[in-house]
Each structure stands twice: as structure tokens, then as C-alpha cells.
Amino acid sequence: MKHQRAVGLLIIISLINMNSALGNQSSTNELKPPCRLQIGIAHISTNLFEKFRILAVKVNASSICNVPQTNVTITVEIWKKGLLGNHFVWKKTINSLGTTYPGSRVNNSSTYMRCKDKTSTYYYGVSYSKALIDGKWQYARHVLSKETPPLMCGT
Amino acid sequence: MDFDDPDFLTPEQKMREQEVIARCFNLMRDERSRYEEQAQKLLASEFFFSKSHNYEFSYLIQEDRYICNANPQSLLIQSFSIEAPIPDAFEEKIETLVELFAQSEAGLIH
């Protein structure tokens, strides 16, 4: 009887260990998205102002994948904060050519808008992307700039 | 290259950024009368088509936005599109279109 109880206890302990091991395995093997999309903080290019006295608000975004991808499309939107809600300012979408290899960045560094005056305004960027990976379209969720700094730039 | 800093541009990209944005501003100044004429045509017919040596540009008005679709004339060049909100005031409508025309013709920062 004691022997049977000991075997039963051993089986229960084994099952618990197996479950926790499987649990660990599933968390480590959790499917990570193959691509990462990041967006920068809205800024004014200081070089442009110093050289040409040009003021423009600009937001850059980058995508990097750990698998080959084709037809990469990255969109960047510039928004500004307002008293009665936020306002869409400008949007640029760039469609990349050919295949991008794992670890290579694809950029959208072309989204900017001229400042009409030096009114202090809070800007942020929103970015989203899509790419053909393994024959299927993969979409990256909207990402927002981490900070919304005031810029001396009225648009 | 630090991926955590998407604003990071190589010195070459910085140069290209300066060239493209400066070109855009120069176009807004030098081609203003042409762009203003184009703006009038777009506002009247809600569509305008133009060509540069690299791209074919289709400009249209959809709901509350101006849209530009830039299709390259070569398979080696990236296509792109631009969207801008339509302002209320007529003068601002023209001004936004002048910038849209200039940005599209200035090209991309690679």
C-alpha cells in the first residue's frame, strides 16, 4: 500500500514537472514578430537651419526584419496636438524595391513639412508598415513617437 | 548603427536630407507660379497629372485630403505617395498644394 502511494506521488510530481517544463518551453518558443518598426521623435533639422535657414518638422521611421522581406511599405504620419483634438499634418508612404535581407533596415526618412512660422507646437509621428514575407502580407501595428516635444514650428 | 535610434542618419544620409529638403524649398520659390497654376487646375478638376524625368505624378482630391501618387518611370526607383489635409482658407489651399508639388518633385531622402 505504501509502495502504491509512493508510486502515485511520484507520478503526480512527474506530471507537475512535465507541465511546468512545457509551460517554460511554450514561453521561450513564443512566436516573436519577424519585423520591428520604430519611429523617432519629431524634430527640426538643425543642420538645415544652420546652413540654409530652412525650418522643417521631420519624423523618421525604420523597419528591420529577421527574415527576408519584399515589397516593404513604410508610412509615416506627422500629427500636432491641438486644444480640441489632434490634427493630421502630413503623410508619406514609401514602397521599397526588391528583397530586403534579414538584419537590413528599411527607412522612411522623407517625411517632413515646412514650418510656416515659429509658433510653439507639439508634434508626434505615427508609423505603420507592411511587407510580403514568405508569400504572405505581414502588417506592423501603428507605433507612436515616444515623446511629443514642443517645437518652434507652426504648420 | 543603433536600431533604437531611428533618427540616426549616416553622414551621407544627412547630406542627402539637406539636399532634398533644400531642393524642395528652392522649388517652392523658383517654380511657384507654375505650382500655383497647377493648384488652380487641381482645385477645379480634382485631378492633375504631371511628369518629371523620374516620375509620373497623379494628384487628386479625396474627401478632406490632397493625395499625390508618384510612380517611377524606371523599375529601379521607389514609388511613394503623399497625403495632406485640405485647409479651409483658399490661400492656404494653394500654399499646401505648392508644398505638395515641390515635395513630390524634390524626391526621396535615401
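A residue is counted as buried if 20 or more other C-beta atoms lie within 10 Å of its own. By this criterion, the buried residues of helix 3 of chain B are B:Leu97, B:Val98, B:Glu99, B:Leu100, B:Phe101, B:Ala102, B:Gln103, B:Ser104 and B:Ala106. The structure described here is a predicted model, with an ipTM of 0.93 and a pTM of 0.85. For chain B the mean pLDDT is 93, and 94% of the residues in this chain reach 70 or more.

Chain A contains two helices and ten strands. Read from the N terminus, the order of its elements is α-β-β-α-β-β-β-β-β-β-β-β. Of the 155 residues in chain A, 37% are buried. Among the contacts in chain A with a separation of 6 or more, 71% involve residues 24 or more positions apart.

Chain B is built from three helices and four strands, which follow one another from the N terminus as α-α-β-β-β-β-α. The C-alpha trace of chain B extends over about 45 × 30 × 30 Å along its principal axes. Buried residues account for 27% of the 110 residues in chain B. Where contacts in chain B join residues at least 6 apart in sequence, 41% of them link residues at least 24 apart.

Apart from residues up to four places away in sequence, B:Leu97 touches B:Tyr35, B:Ala39, B:Leu42 and B:Tyr66. B:Leu97 is also named, together with A:Val57 and A:Ile78, among the residues with the most contacts inside the largest nonpolar core, which has 50 residues. In soluble globular proteins, nonpolar side chains tend to be buried together.

Helix 3 of chain B, residues 90-106, also includes B:Ala106. B:Ala106 counts as buried because it has 21 C-beta neighbours inside 10 Å. When neighbours within four places in sequence are left aside, B:Ala106 is in contact with B:Val20, B:Arg23, B:Cys24 and B:Leu27. B:Ala106 and B:Glu19 are 87 residues apart along the chain, yet their C-alpha atoms are separated by 9.0 Å. Just after helix 3, B:Gly107 adopts a positive phi of about 90°.

The contact between the two chains involves 30 residues from chain A and 22 residues from chain B. On the side of chain B that touches chain A, helix 1 (11-30) and strand 4 (79-85) each contribute at least two residues. The residues on this side of chain B comprise twelve nonpolar, five polar and five charged. Strand pairing also crosses between the chains: strand 4 of chain B pairs with strand 5 (residues 87-95) of chain A in the antiparallel sense, over five bridges. Within this region, B:Phe80 in strand 4 of chain B is the bridge partner of A:Ile94.

Antiparallel pairing is also found within chain A, where strand 8 (residues 117-133) and strand 10 are joined over four bridges. A:Tyr122 has A:Pro150, in strand 10, as its bridge partner. Strand 10 (residues 150-154) presents A:Leu151 and A:Cys153 on a covered face, whereas A:Pro150, A:Met152 and A:Gly154 form an uncovered one.

Backbone geometry was considered last. Most residues other than glycine have a negative phi. A:Asn71, which is not a glycine, has a positive phi of about 50°. This residue is placed in strand 4 (residues 69-80) of chain A, and A:Asn71 counts as partly exposed because it has 15 C-beta neighbours inside 10 Å. In chain B, B:Glu63 likewise has a positive phi, near 55°, and is a residue other than glycine. B:Glu63 is located in the loop between strand 2 (55-62) and strand 3 (65-72) of chain B. With 6 other C-beta atoms within 10 Å, B:Glu63 is therefore exposed.

Terms used: Residues are numbered from 1 along each chain as its sequence is written. Chains are lettered from A and ligands numbered from 1 in the order in which they are written. This is a predicted model: local features need pLDDT of at least 70, side-chain atom pairs count only at pLDDT 80 or more; totals for chains, interfaces and linings use all residues. Two residues are in contact if their C-beta atoms, placed from the backbone, lie within 7 Å. Ala, Val, Leu, Ile, Met, Phe, Trp, Tyr, Cys and Pro count as nonpolar, Asp, Glu, Lys and Arg as charged, and the others, Gly among them, as polar. Two strands pair if DSSP finds at least two bridges between them. A residue is buried if 20 or more other C-beta atoms lie within 10 Å of its own, exposed if 12 or fewer, and partly exposed in between; C-beta atoms are placed from the backbone. A nonpolar core is a set of buried Ala, Val, Leu, Ile, Met, Phe, Trp, Tyr and Cys residues joined through C-beta atoms within 7 Å. pLDDT is the predictor's confidence in each residue, from 0 to 100.
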